[in-house]
Amino acid sequence: MKDPRPTGNPASRERRLRSRRWWNIGALFMFVAFLFLVSSPYLDTLAVETVRCEIVSAEPRTASGGSRGSVSTSEVLVQTSDCGPVIIDQGVSSDNQEEIASSFAVGSEYEFDIGWYSRVVMKNMRGNLPSAQDYRPVE
């Protein structure tokens, strides 16, 4: 009759279990990070705040992303004196980005609607800029 107790070195078995536990924790962390990135457009619709900013400049630009810059998107970079840089990308195309950029008058005030993800996460990440969902001149 075979002995039902496990054979082998108990310390070795414990090391394997500990190693497997760390791999599981790492995999869980990667999965949560992936879900956070995938859900970022939704997170940007939460807790939208309106900020009032004075325009310093606005210029059209093309952002590249994806593998080796294979995806290009048109946007307008708006520099403000009191809110920092803000990206306008919704409704911006290569055909109208010049027109949208020139519609911002230097020294005038605009209100920008900025969601939670852009305001909190993107602002604190190096090289990433908050994106406005909507904007309008203050009259």
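**Rings and charges in a predicted model**

Now, what does phenylalanine 112 pair with? The ring of phenylalanine 112 and the ring of tyrosine 135 have centres 6.5 Å apart, and their planes meet at 35°, so this pair is tilted. Where do these two sit? Phenylalanine 112 is in strand β4, which covers residues 109-114, while tyrosine 135 is in strand β5, residues 131-137. The pair links distant parts of the chain, as the two residues are 23 residues apart. Is tyrosine 135 buried or partly exposed? With a relative accessible area of 25%, tyrosine 135 is partly exposed.

Let's go on to another ring. There are six aromatic pairs by the rule used here. One of them joins phenylalanine 104 and phenylalanine 112. Those two rings are stacked, with 6.4 Å from centre to centre and 20° between the planes. Why is phenylalanine 104 called buried? Its relative accessibility is 6%, and the limit for buried is under 20%. If you'd like to find the whole group on the screen, look for Phe104, Tyr110, Phe112 and Tyr135, which form one aromatic cluster.

Next, the charged residues. How many salt bridges does a search of the whole structure find? The search finds six. I'll start with glutamate 111, which forms a salt bridge with arginine 52; their closest N and O atoms are 3.4 Å apart. Glutamate 111 lies in strand β4 and arginine 52 in strand β1, residues 49-65, so this bridge ties together parts that are 59 residues apart in sequence. Arginine 52 is partly exposed, at 45% relative accessible area.

Glutamate 111 also forms a salt bridge with arginine 136, and here the closest N and O atoms are 3.3 Å apart. This pair links distant parts of the chain too: glutamate 111 in strand β4 and arginine 136 in strand β5, 25 residues apart. Arginine 136 is partly exposed, with a relative accessible area of 28%. Which residues are linked in the network of salt bridges? They are Arg52, Glu109, Glu111, Asp113, Asp134 and Arg136.

Now over to strand β2. Glutamate 75 forms a salt bridge with arginine 61, and the closest N and O atoms are 2.6 Å apart. Glutamate 75 is in strand β2, residues 71-80, and arginine 61 is in strand β1; the pair links distant parts of the chain, 14 residues apart. Glutamate 75 counts as buried at 7% relative accessibility, whereas arginine 61 counts as partly exposed at 32%.

One last stop: serine 72, which is also found in strand β2. How far apart are the C-alpha atoms of serine 72 and threonine 62? They are separated by 6.3 Å, and the two residues are 10 residues apart along the chain.

To recap, glutamate 111 forms salt bridges with arginine 52 and with arginine 136, and phenylalanine 112 belongs to the aromatic cluster.

Terms used: Residues are numbered from 1 along each chain as its sequence is written. This is a predicted model: local features need pLDDT of at least 70, side-chain atom pairs count only at pLDDT 80 or more; totals for chains, interfaces and linings use all residues. Side-chain values use heavy atoms; hydrogens and water are left out. Rings of Phe, Tyr and Trp (its six-membered ring) pair if their centres lie within 6.5 Å; planes under 30 degrees apart count as stacked, over 60 as edge-to-face and the rest as tilted. Buried means under 20% relative accessible area, exposed over 50%, partly exposed in between (1.4 Å probe, protein chains only). Helices (H or I, at least four residues) and strands (E, at least two) are DSSP runs, numbered from the N terminus. A salt bridge is a side-chain nitrogen of Lys or Arg within 4 Å of a carboxyl oxygen of Asp or Glu.
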